[in-house]
Amino acid sequence: MKNSILILCLALGLNAQSIKDNKLQEIEENKNKSTLESSLLKDSWINPINISADSTKNKSGNSKSTSNKIYLDINQDIFRSGGILYTIQKAKLQKDLALQNYDLNLNSLNIDIYKLVLQLNKIDYQIEKQDYLIKNKSLEIDKKQAQYINGVISIEDLDSAIIEKNDLENQIEDLKTSKDDYEKQLKNLSTTSYKKILVNKLEVINLKSFLDNNKTLIIENLNSEISQKDLSITNTNYLPKVSLFSQIGYEDNNTNDINDDYYNYGVRVSIPLDFNMNKNKQISKINYKLSKIKGNIKKDDEINKYEATLKSLKRIDNKIKNSQKSIKNYENIYKLTQGLYEGLLKTKQDLLTIENRLKSSKLDINILKIDKQISIYELHRNISIVMQ
């Protein structure tokens with residue numbers, strides 16, 4: 001079991017040891033429980049063998065008698081018009097369902113860890129970006145303070161710059177609060193610091209692969225097949241069945257001085273007559289139809305999720321392109337300002353302002369790329385194999 005966990009985690013690029021033991025144990029025990037339940041269903045058609053014993057004393061007038069018996073009862077169906085076969089087939093489907101749910105839960109756990117790591121990396125970039133903006137605001141305050149002293153601007157302009165710097169500093173505190181929350185969530189899932197978890201870059205898979213490998217759809221299809229078996233089992237419940245019955249025992253009766261073994265056995269054919277037969281059949285049919293409808297609805301939901309993610313990714317790509325254009329503009333302005341600074345036409349503050357703006361714009365690219373990966377990882381939440 002641990003080997004299967006390790007293989008799946010490595011397929012996702014995550015060390016199995018990074019996941020908290022209790023989380024892995026919970027997923028594994030749920031799988032074990034479901035597997036045992038399917039095994040129990042597979043053998044549910046086999047009836048128990050009853051062993052009984054009784055001791056009886058009777059008195060009638062002056063006559064007394066005692067009787068001691070021990071016997072074994074067997075009553076076993078051997079033919080249910082296909083019901084036994086359908087039950088075994090249903091048990092196999094439920095075992096497959098347990099394995100699919102296990103893979104889905106483990107994959108979802110890994111996705112949760114990855115997304116938290118990405119969110120934490122994003123916050124680190126955002127804090128770094130805020131630092132550059134605060135540095136620029138400090139330079140602006142120094143400049144406006146000098147302008148205020150020389151009477152070039154009013155106190156309101158200087159006051160506005162100070163308030164804006166305070167807002168930027170408070171935004172960093174808000175980011176740190178969010179970071180604490182994400183770190184707390186990560187600690188609930190993993191034993192490893194986010195800085196030590198490597199997040200592989202994922203690419204968007206095509207729609208066919210997304211649907212073919214989608215665990216949610218696979219599970220819905222299995223549920224539909226199970227409903228179909230339930231329908232077949234319900235129908236066979238009202239068809240002829242053949243049973244073997246037998247009783248083997250020993251009796252000690254002091255009245256007739258009987259001390260002997262005894263047995264009886266035979267074959268029984270029965271056909272149930274149930275007033276609610278048609279209603280039960282109709283309910284099973286409706287459950288099967290509902291499972292098919294639910295599967296189709298879930299497929300539409302997954303397609304909509306895929307298409308919405310593609311649109312979101314396209315918008316992020318457009319933002320990245322816009323940021324890249326801004327970076328080129330800032331690079332040109334920086335070179336121009338650097339030349340003017342060397343010619344004593346611009347101040348060191350002007351050069352630092354453009355330099356900080358350039359660095360913060362490059363961080364925007366990193367932040368947007370993380371947003372893109374977060375969306376792609378969420379797209380892979382229900383995928384059986386994370387495509388690299």
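Colleague: In which loop is Leu344 found?

Modeller: This is a predicted model. In it, Leu344 has a positive phi of about 65 degrees although it is not a glycine. Most residues other than glycine have a negative phi. Leu344 is found in the loop between α7 (277-342) and α8 (348-379).

Colleague: Is Leu344 buried or exposed?

Modeller: A residue counts as exposed when its relative accessible area is over 50%. The value for Leu344 is 77%, so Leu344 is exposed.

Colleague: Where is Ser81 found, and what is its relative accessible area?

Modeller: Phi of Ser81 is near 55 degrees, a positive value in a residue other than glycine. Ser81 is found in the loop between β2 (63-79) and α3. Ser81 is partly exposed, and its relative accessible area is 22%.

Colleague: What pattern does the protein follow along the sequence?

Modeller: The secondary structure comes to eight helices and four strands. Read along the sequence, these elements give the pattern α-α-β-β-α-α-α-α-β-β-α-α.

Colleague: Is the protein compact or spread out, and what is its radius of gyration?

Modeller: The C-alpha atoms fill a box of roughly 135 × 45 × 40 Å, taken along the principal axes. For 388 residues the globule rule gives 21 Å, and the radius of gyration of the protein is well over that, so the protein is more spread out than a compact globule. The radius of gyration is 37 Å.

Colleague: What percentage of the accessible surface belongs to carbon and sulfur atoms?

Modeller: Of the 388 residues, 34% count as buried. The accessible surface of the protein comes to about 23600 Å². The part belonging to carbon and sulfur atoms is 51%.

Colleague: How far apart are the centres of the positive and negative side chains?

Modeller: The protein has 59 positive and 51 negative side chains. The centres of the two sets are separated by 4 Å.

Technical notes:
Residues are numbered from 1 along each chain as its sequence is written. This is a predicted model: local features need pLDDT of at least 70, side-chain atom pairs count only at pLDDT 80 or more; totals for chains, interfaces and linings use all residues. Side-chain values use heavy atoms; hydrogens and water are left out. Helices (H or I, at least four residues) and strands (E, at least two) are DSSP runs, numbered from the N terminus. The radius of gyration is taken over C-alpha atoms; the globule rule is 2.2 Å times the number of residues to the power 0.38. Buried means under 20% relative accessible area, exposed over 50%, partly exposed in between (1.4 Å probe, protein chains only). Accessible areas come from the Shrake-Rupley method with a 1.4 Å probe; for residues, only the protein chains shown count as cover. Lys and Arg count as positive and Asp and Glu as negative; His and the chain ends are not counted. The place of a charge is taken as NZ of Lys, CZ of Arg, CG of Asp or CD of Glu.
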